[in-house]
Protein chains: 2
Amino acid sequence: MAVEQEVREKAARARKAARRLAYLSTGVKDRALLSMADSLVKSRDAIMEANEVDVRAGREKGLSRALIDRLLLTPERIEDMAEGLRTVAALPDPVGEVEAMWLRPNGLQVGRMRVPLGVIGMIYEARPNVTVDAAGLCLKAGNAVLLRGGSEAINSNRAITAIIASAAERSGIPAGAIQLIENTDREAVNVMLKLNDLLDVLIPRGGAGLIRTVVQNATVPVIETGVGNCHVYVDEDADLKMARDIVINAKCQRPGVCNAMETLLVHRAVARELLPGLLDDLKDAGVEVRGCEKTREIVSWATPATEEDWATEYLDLILAVKVVESMEEAMDHIYRYGTRHSEAIVTRDYARARRFLQEVDAAAVYVNASTRFTDGYQYGFGAEIGISTQKLHARGPMGLRELTTYKYIVFGDGQIRG
Amino acid sequence: MAVEQEVREKAARARKAARRLAYLSTGVKDRALLSMADSLVKSRDAIMEANEVDVRAGREKGLSRALIDRLLLTPERIEDMAEGLRTVAALPDPVGEVEAMWLRPNGLQVGRMRVPLGVIGMIYEARPNVTVDAAGLCLKAGNAVLLRGGSEAINSNRAITAIIASAAERSGIPAGAIQLIENTDREAVNVMLKLNDLLDVLIPRGGAGLIRTVVQNATVPVIETGVGNCHVYVDEDADLKMARDIVINAKCQRPGVCNAMETLLVHRAVARELLPGLLDDLKDAGVEVRGCEKTREIVSWATPATEEDWATEYLDLILAVKVVESMEEAMDHIYRYGTRHSEAIVTRDYARARRFLQEVDAAAVYVNASTRFTDGYQYGFGAEIGISTQKLHARGPMGLRELTTYKYIVFGDGQIRG
């Protein structure tokens, strides 16, 4: 019961805070964000001390080197988190914007106004910087946030949350706007998933297992983020130099993220010209190549790809390669195995570029550019709270605007319905 | 297992249809809608025959008169359904609209384009007209729809769906775009709730029990519709003649719908002048009045309101009345008991009108107008598939636009990420 009590009490405080936060001026919110940034930098030592406890415990628990690296905070990383808050402060505030207003024949004036979502539950894994990013974005969009980070980062998250929450409060943000669930029991997540009376939205960020648990068990509305089985299709009419650069970038520039390419689809007409050099380059860059039969006829050293490869998000230096007979076959493959995240075509053909853009169903569809651009900063949103892979509410990179909803405001002078 | 098989197979067909529907031209969709309308009118006798079977069975089962009335189809009602389809055909098509397009410093051109949601599962109760409305709206917005109506209307729904689906198909709509689950077993709903690989969204329409079941058990994203515990607050500065008209309209014009008023809040300063005449008029109109203590000091014949009354959506000729000391008390009451549907203030005071609009959190907030206007037609959307009472995706009346999502389309000339 102690777990449930903590979650419920904090969520109730968040709900109370959200009511006032909803109409706080942009000036107050921005000053709070800047003050949170300053406090983070000033309290660097305390944060690093708490982080050391987590890192030591992680090493003792045998966490992988990659995980330890994600957990680790350095003076530079703390400065980056602070800089992130300053960036959010500089972004325009979506709240209060009236996107449209129209007059009805009976004289009613109807407007659609952006308002905060209310209370957002963030459920995430090891990176402590998510604590700061999420708190900053939620605050700027007028939302209260209930943070539930991974147990590996609990000491870091506790230190960070205490610092930014108290800086926010000193700047006029209502108490309870930023809170961390301190109990690391998994039961805390289960309580959050069903808290429909107090939470408006849940945003899970982390591995496929976490996302699945949330989607399968939550009764609170969820924005699903994450899985990206992304493709690049090199058309028969592609500029092959451009294709090579895009493929290498999409696979190698940062293979562990959701917008990295996992399968390369190549039109048969250019496969013999493109693949030998390109796959050699990828091999030199440390990429393991798994090819279909036709690929292996051209590049014999590639290992055979199985059905499972087409469906796998490697998040690693592994690439599946398939030679296709036509753009239709490429689109069918993407339809069948893709996760509707990011898909690209490389072509010089106008009609096929247009058709690919129209017919491929994904959060982001590219012509002649790397899939790696699906990202809030790259789109110019300034910051993102995650990349939505569902169709409801928001799709692709979610910035401040996606952390709001709207309400209709209606001005009358006594209208009644006939 | 037969139930699960029917739902799965139909959903899979819908998914296949949705892929082509997504980029069908507006012309084809509109011609299909008009042809569906014509077919309905032409097949009037067959529909009424099927409806008679349902009505007879309903009477034998002892359904209430109100339910039988909702179930009953007449030549006029069938003409209305056809007219609804013609209206939808005349609405602008949201699909393909690029709402915004911008250029990034690296030359990438990023646009946000409206696209269909995909496959929509509609779960609804007795009214057979929902079958036609939902099919028409989903089709126009480029979505396939899997319909699951109430068992009481199964024969009517079967006849209607067969007629409109075949008219649609003859007009070039892919087969499977409009389908009805014919098995009336409740298990069919349970299967739909978990069909994440085939359904993109569920929209439940009906009583509170149905909505709750769907929200509590679905893993597919849901748009919640429905419950409206709506208030009218009469301010100390109100035009009392206007207040009277709005209150009577909001309560009596159609008490059984979600945007009708359930509780009247009156500022103490005008209670003595307003309430005696107004509550007498309401009584004459057949309304049962339940008042707080202060109300009963003024109008002694009112029955005492309990805590439960403040929280109840009567959907009937019953009104709860509370005298408040201030607008703040009114807003606190709305915050505590409201369902974030439709809230109204009647006032001549500029500052309080502005504050009420800003601070009250609901899908629709009114100044000097009846809550009854929260409706797709009244807002000028032409038709609605329901009124959302959640904050994610859509809020308030949902028209064609709310049956779509968006995707980012990105035009490059070889950009890679640095």
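So, start with β1(B) and strand β2 (residues 109-116) of chain B: five bridges join them, and they run antiparallel. Helices (H or I, at least four residues) and strands (E, at least two) here are DSSP runs, numbered from the N terminus.

Quick housekeeping before I go on. This is a predicted model, where local features need pLDDT of at least 70 and side-chain atom pairs count only at pLDDT 80 or more, while totals for chains, interfaces and linings use all residues. Residues are numbered from 1 along each chain as its sequence is written, chains are lettered from A and ligands numbered from 1 in the order in which they are written, and side-chain values use heavy atoms, with hydrogens and water left out.

Which order do the ten strands take? It goes β10(A)-β9(A)-β11(A)-β8(A)-β7(A)-β12(A)-β13(A)-β16(B)-β2(B)-β1(B), an open sheet with mixed pairing. For pairing, DSSP has to find at least two bridges between two strands. At the edges you've got β10 (303-304) of chain A and β1 (98-103) of chain B, each pairing on one side only. Then helix α15 (residues 350-359) of chain A packs on that sheet, touching β7 (230-234), β12 (342-346) and β13 (364-369) of chain A along with β16 (404-415) of chain B. Touching means contact, heavy atoms within 4.5 Å. The direction of α15(A) makes about 145 degrees with that of β16(B); axes are lines fitted to C-alpha atoms, for helices over the stretch in contact, and angles run from 0 to 180 degrees between N-to-C directions.

There's another ten-strand open sheet, also mixed, ordered β1(A)-β2(A)-β16(A)-β13(B)-β12(B)-β7(B)-β8(B)-β11(B)-β9(B)-β10(B). Its edge strands are β1 (98-103) of chain A and β10 (303-304) of chain B. Within it, strands β12 (residues 342-346) and β13 (residues 364-369) of chain B pair in the parallel sense over four bridges, and B:Glu343 has B:Val365 in β13(B) as its bridge partner.

So how do the copies relate? A rotation of 180 degrees with 0.0 Å of shift along its axis superposes chain A on chain B, RMSD 0.0 Å.

Last stop, a helix pair. Helix α14 (residues 327-337) of chain B and α15(B) pack at about 20 degrees, axes 12 Å apart. That makes α14(B) roughly parallel to α15(B), given that angles under 35 degrees count as roughly parallel, over 145 as roughly antiparallel, 65 to 115 as roughly perpendicular and the rest as oblique. On the α14(B) side we have B:Met327, B:Glu328, B:Met331 and B:Ile334, meeting B:Arg352, B:Arg355, B:Phe356 and B:Glu359 in α15(B). That contact splits into four nonpolar, no polar and four charged residues, with Ala, Val, Leu, Ile, Met, Phe, Trp, Tyr, Cys and Pro counted as nonpolar, Asp, Glu, Lys and Arg as charged, and the others, Gly among them, as polar.

That's my tour, thanks.

Note on methods:
Least-squares fit on C-alpha atoms with pLDDT ≥ 70 in both.
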